[in-house]
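Please walk through this protein with me, one residue at a time. Keep the sequence and the 3D view side by side.

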Amino acid sequence: MNYKTIEIFGVPGVGKTTFEIKLKKYLRLKNKVVLNKREIITKYAFIDLKIDILDYVSLIYFGVIEKLKNKANNNLKNNFANKSLKKNIKFKNPITNFFRGRYLKICENLFIKYFENNLKNKKIINDLINKIDPGNKELFSFWMYEIFAAHYLFAKSKKKIIFLSDEGFNQRYFLILSSKIKKKILFLRKFYKICPKPDLCIYLTRSKKIIKKVHKQRSLDKSGLVLQQKQIDKFIKFEKHIYKQFKNDIRYIKLDNSKKIDLKKILK
């Protein structure tokens with residue numbers, strides 16, 4: 001198993017995060033060094049950027065948060081611990097907001113570095129960000145800067161690591177649905193062309209009935225992204241267009257996440 005980048009793809013509610021946790025544990029048992037985007041940024045941003053003491057503390061701060069999340073995730077049965085941790089790091093307290101602002105700026109600077117020799121492609125990303133509803137613009141731009149920043153640092157790193165993401169580039173194409181871009185499929189094609197491609201995409205599916213149950217539970221728990229029935233239908237429809245883009249371009253494994261998955265068989 002020599003993949004360097006692995007993305008998990010599927011509509012919200014299909015179980016990407018839980019699957020990522022299981023996959024990370026499996027790969028680490030195989031003595032692989034596996035990092036997600038935030039772990040890559042907090043670990044390697046020091047190398048490429050001139051940062052001041054507050055930036056340094058911000059990276060340390062978010063690095064510690066990732067370690068705490070990983071520690072909670074090591075016990076998937078401890079749902080209370082996981083929910084409690086997520087609730088405490090939802091960027092609601094002033095200290096976290098301050099460091100989040102510094103961290104976002106670091107990601108934006110790395111994003112600019114990634115596109116410094118290709119301003120035309122950078123404009124495509126900025127066009128998407130500028131067409132996002134103002135209420136979501138800050139969060140979505142944060143997501144966009146972070147994924148490009150992580151890829152920039154990963155590509156420059158000489159370390160033998162696996163970049164594993166449940167919110168990779170294939171997943172980011174769903175942001176187009178939340179934009180005011182009129183010709184969404186045409187824009188998807190342009191966006192897809194300029195984004196890095198994973199060595200392996202694990203495409204997770206579930207029945208629409210199960211996905212709707214997940215979002216109903218999220219609504220009750222007040223946790224995670226909650227979609228209404230019409231929104232779920234839009235995501236499932238758009239998912240097919242994203243799949244059409246990558247199905248002949250990158251290696252992928254399509255899995256029904258409502259069934260038991262044997263990682264030994266799929267990752268030889």
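In which helix does Tyr-152 lie? The model is predicted, and it places Tyr-152 in helix 7, which covers residues 134–156. Now look at the surroundings of this tyrosine. Tyr-152 has a relative accessibility of 12%. The cut-off for buried is under 20%, so Tyr-152 counts as buried. Leaving aside residues up to four places away in sequence, Tyr-152 touches Asp-48, Leu-110, Lys-113 and Tyr-114.

Turn next to Asn-31. This residue sits in the loop between helix 1 (16–29) and strand 2 (34–35). The phi of Asn-31 is near 65°, a positive value, and the residue is not a glycine. Most residues other than glycine have a negative phi. What about solvent: is Asn-31 buried or exposed? Asn-31 has a relative accessible area of 71%. Exposed means over 50%, so Asn-31 is exposed.

Finish on the surface, with charge. Which residues gather in a patch of positive charge there? They are Arg-189, Lys-193, Lys-244 and Lys-247. Take Lys-193 from this group. Lys-193 belongs to helix 9, residues 184–194. Its relative accessible area is 68%. That value is over the 50% cut-off, so Lys-193 is exposed.

Methods: Residues are numbered from 1 along each chain as its sequence is written. This is a predicted model: local features need pLDDT of at least 70, side-chain atom pairs count only at pLDDT 80 or more; totals for chains, interfaces and linings use all residues. Side-chain values use heavy atoms; hydrogens and water are left out. Helices (H or I, at least four residues) and strands (E, at least two) are DSSP runs, numbered from the N terminus. Buried means under 20% relative accessible area, exposed over 50%, partly exposed in between (1.4 Å probe, protein chains only). Patches are made of residues with over 30% relative accessible area and no salt bridge: like charges are joined within 9 Å, nonpolar side chains (Val, Leu, Ile, Met, Phe, Trp, Tyr) within 5 Å. Accessible areas come from the Shrake-Rupley method with a 1.4 Å probe; for residues, only the protein chains shown count as cover. A salt bridge is a side-chain nitrogen of Lys or Arg within 4 Å of a carboxyl oxygen of Asp or Glu. Lys and Arg count as positive and Asp and Glu as negative; His and the chain ends are not counted. The place of a charge is taken as NZ of Lys, CZ of Arg, CG of Asp or CD of Glu. Contact means heavy atoms within 4.5 Å.
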